[in-house]
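Open the model in your viewer and keep the selection tool at hand. The stops below say what to select next and what is there.

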Amino acid sequence: MNLKDIAFLNLRRRKAKAAFLLAGLLIGVTTVVALMSLVETMREDITDKLDKFGANILIVPKTENLSLTYGGLSLGGVSFEMEEIYESQLEKISTIRNAANVAALGPVALGVVEINEKKVLLSGMDFEATRTLKPWWKIQGDMPEGDQVILGAEAALSLGLDVGDTFTASGRDLTVTGIIEATGSQDDQLIFTPLATAQSMLGMEGRVSMAEVAALCKDCPIEEMVRQISEIVPSGKVMGIQSVVKGRMETLAHFQRLTLGVSAVVILVGSLVVLVTMMGSVRERTREIGIFRAIGFRRSHIIRIVLLEAAIVSALAGLLGYIGGIGTTAAALPFFTESADIAVHFDPVLAGGAIIMSILLGLTASTYPALLAAKLDPNEALRAL
Amino acid sequence: MSYIKAENLVKHYGTGDGLVEAVRGISFEIEEGEFVAVMGESGSGKSTLLSMMGALNTPTEGNFLVDDIEIYNLSRDQRADFRREFLGFVFQSFNLIPYLTLAENVMLPLVTIKARSKTKKAMAEEALDRVGLGDMVDRLPSQISGGEQERVAVARAIVNNPPILLADEPTGNLDSKTSGDLMGLLKNLNAEGMTIIMVTHSEESARTARRILKIEDGYLTDEERLIGEAASVRSGKNPVAVDKSA
C-alpha cells in the first residue's frame with residue numbers, strides 16, 4: 001500500500017463527495033469544451049462560407065490614371081495607359097511562400113465584341129477556377145469549352161439568345177451552352193468563354209486583363225499574401241478586398257472573446273466548487289489526518305494524498321468532460337448553423353487540453369485545502385491524545 | 001544514561017486569564033524495556049504528558065530525550081520520522097480508518113517506507129496474527145468488536161517493530177475481560193523487549209506495568225515500582241512537583 005492507494009481508497013469510500021467533486025469539475029470542463037469546440041466548428045463553418053464568397057485578392061494592371069467609373073457608371077473613355085499582366089507571371093504565384101493558401105487563381109481576359117450589332121463585353125475565364133471564385137453562379141446548361149459561351153441573364157435577354165443558339169463574333173462562330181441565372185452583378189451583362197478563346201478573339205495571347213485570387217486566409221494575414229504576389233507580378237496592382245478580410249477576422253475575434261469570457265467564468269466557478277468540496281473533505285477528515293501524522297506521515301505526505309485525490313478526480317472529469325463537451329456541441333450545432341455537412345470531429349489537442357486544464361484546475365483549487373490539511377496540528381486533530 | 005528522559009516538562013495552553021497549566025514541570029527517566037503506567041484523574045495532565053512523549057505536542061518548557069535525541073530540537077519532518085521509527089501509538093478510541101481493511105489499517109505506518117507491497121502486506125498480516133486476528137485481515141473496522149478494534153490498533157502500533165509503544169487509555173472503552181486480554185497482550189510485547197508507556201486511570205490496568213507514575217494537577221506526585229506481586233512505593237520523587245504543590 002502507498003499514498004496513491006490511500007487516495008484511491010478514500011475516493012472509493014467517500015463516493016458521494018467524490019461524485020460531487022467530479023460533477024463540479026465535469027460541468028466546468030464540459031461547458032468549456034462545448035464552447036470551444038462549438039466556436040471552433042462555427043469558425044470553420046464561417047470561414048468556409050466566407051471563402052465561398054469568392055475572390056478576396058484582385059490583380060489589375062498598374063496605371064497612373066484614376067478610375068473613371070463609379071457604381072457601374074462609366075464617366076470616361078477607355079484611354080488608360082496601363083501595364084500588361086502576362087500569364088507567365090501569374091503562373092509564378094504557385095511559388096510564393098503562402099502558395100498553399102491560394103484556393104483558386106482566375107485570370108480574366110476582357111474585351112468588347114459585337115454581336116447582332118450590339119456591343120458586348122466578352123470575358124475569357126478559367127472555368128475550373130470559376131467554380132471557387134464564383135460559387136454563387138447557377139448555370140442553366142453546361143460550362144463552355146472551345147468555341148462555346150455562357151451568357152449573363154441580361155445579355156441573353158438583350159441578345160435574344162438561348163442555350164443551343166449559335167452566333168458570330170469577331171469572325172468566329174460561337175455556341176451558347178448555358179445561361180447564368182441573374183446574380184444582380186455586372187456578370188449579368190457579360191458573355192463568358194474559355195480564356196484561350198477570348199485571348200484569340202481579342203488578340204491577347206499570353207496576356208490577361210486582370211486576375212482574381214481566392215485566398216484561404218483563416219491562418220494567414222492577407223496583407224502578407226498581397227505583398228508576396230506583388231513581388232511576383234510587378235506589372236500588376238495587387239489589392240486585398242479588405243471588407244471581406246476584416247469581416248472574417250472580426251467575426252472570429254468576437255467568437256473567441258465570447259468563448260474566453262464564458263470559459264473564464266466557468267473555470268472560476270469550477271475552481272470554487274473544487275475548493276469548497278476539498279475544504280469540506282479536509283475538515284471531515286481532520287481526525288484521520290491526525291492519525292496519519294501521529295504514525296509518522298510527513299506534512300508533504302498529507303499534501304500528496306489530498307492532491308492525488310484531486311488529480312484522480314480531475315483527470316476523470318477532464319476525460320468525461322471532453323466527451324460530454326463534444327456530445328453537447330454535436331447536439332447544439334443544429335441550433336447554431338444550417339449547414340448540413342458540418343460535423344464535430346475528434347481534436348486531440350482539445351482533448352489533451354481539457355484533461356490537462358481539468359487536472360491543473362483541480363490541483364490549483366486543492367492546493368490551499370492540501371496545505372491546510374498538512375498544517376493541522378496532529379495533537380489537536382486527534383484530541384484523544 | 002536512561003533511554004527516555006523528561007526534564008522539567010511544562011505545558012501551558014492559552015494566555016492571560018485563559019491560561020491553563022496542564023503540565024507544571026515533570027521530570028522522570030525510563031529505561032529501555034520498561035513498562036510504565038501513567039495514572040491520574042481526568043484533567044490531571046497525563047494525556048498532555050503522553051502527547052509530549054509522542055513528539056506531538058511541543059512543551060512550553062523543558063526537554064524530552066529518547067535515545068539521547070533531543071526530540072523538540074528536531075524539525076517537524078524529523079519528528080514525523082521519529083514517530084514512525086521509534087513510536088507505536090495505541091489510542092483510546094482505536095482511531096482506525098473506517099474505509100481501510102484491518103490489514104490496510106495495520107499497514108499505514110509502512111506506507112511511507114520503501115518496501116515492496118508484498119513485504120508490507122506480510123508484515124501487516126504477521127502483526128495481526130500476533131494480536132490474534134490473523135483470520136480477519138480483509139474485514140473493515142465496522143465489522144469487528146471494540147476489543148478486536150483495540151487489538152488492531154495494537155497491531156498497527158507494532159507492525160514496524162518500534163522500540164516504544166505509547167498507549168492512551170487502551171482499556172477505556174473495553175469490558176473487563178477484553179481489558180484483561182489486551183493487558184496480557186501488552187505484557188507479552190513488553191516481555192519481548194518493547195518499552196511501553198501507558199496512560200490509564202484504571203488501577204487494575206496500571207498494575208500490569210512495572211512502574212506507575214501518578215500525576216495530579218499537572219505535577220508528578222508519586223511513583224510506585226511494582227516487582228512481581230510485591231510493590232515498592234516512593235512518594236515525592238519529583239522535587240519540582242513536590243515543591244510547587246507545597
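Start with chain B: among its contacts with a separation of 6 or more, 66% are between residues 24 or more positions apart. Two residues are in contact if their C-beta atoms, placed from the backbone, lie within 7 Å. This is a predicted model, in which local features need pLDDT of at least 70, side-chain atom pairs count only at pLDDT 80 or more, and totals for chains, interfaces and linings use all residues. Residues are numbered from 1 along each chain as its sequence is written, while chains are lettered from A and ligands numbered from 1 in the order in which they are written.

**Chain B as a whole**

Keep chain B selected and colour by secondary structure: there are eight helices and eleven strands. Helices (H or I, at least four residues) and strands (E, at least two) are DSSP runs, numbered from the N terminus. Of the 246 residues in chain B, 48% are buried. A residue is buried if 20 or more other C-beta atoms, placed from the backbone, lie within 10 Å of its own.

**A sheet in chain B**

Two strands pair if DSSP finds at least two bridges between them. Now select strand 1 (residues 4–13) and strand 4 (residues 61–66) of chain B, which are joined by five bridges. One residue pair to look for is B:Val10 with its bridge partner B:Glu61 in strand 4.

**The contact between the chains**

Next, show both chains; 29 residues from chain B and 21 residues from chain A take part in the contact. On the chain B side, helix 1 (46–53), helix 2 (76–86), helix 3 (102–107) and helix 4 (117–130) each give two or more residues. Helix 2 of chain B gives the most, six residues.

**The cores**

Which residues have the most contacts inside the largest nonpolar core? Select B:Val38, B:Val106, B:Ala155, B:Leu165 and B:Ile197; the core has 121 residues. A nonpolar core is a set of buried Ala, Val, Leu, Ile, Met, Phe, Trp, Tyr and Cys residues joined through C-beta atoms within 7 Å. Helix 2 (residues 15–51) of chain A provides the largest share of this core, 13 residues. Zoom in on B:Val106: leaving aside neighbours within four places in sequence, its contacts include B:Ala124, B:Leu128 and B:Ala155. A second, separate core has 41 residues, among them A:Ile85 and A:Phe192.

**Helix 6 of chain A**

Select helix 6 (residues 195–202) of chain A, whose buried residues are A:Leu195, A:Thr197, A:Ala198, A:Gln199 and A:Met201. Among the strands of chain A that these buried residues pack against are strand 9 (166–169) and strand 10 (172–180). Just after the helix, A:Gly203 has a positive phi of about 65°.

Move to strands 9 and 10 of chain A, which form a hairpin with two residues between them. In the turn, A:Ser170 has a positive phi of about 50°.

**Confidence in chain A**

The mean for chain A is 83, and 86% of its residues reach 70 or more. Select residues 76–80 of chain A, where pLDDT stays under 50.

Technical notes
Buried ≥ 20, exposed ≤ 12 C-beta atoms within 10 Å, placed from the backbone. pLDDT = per-residue confidence, 0-100.
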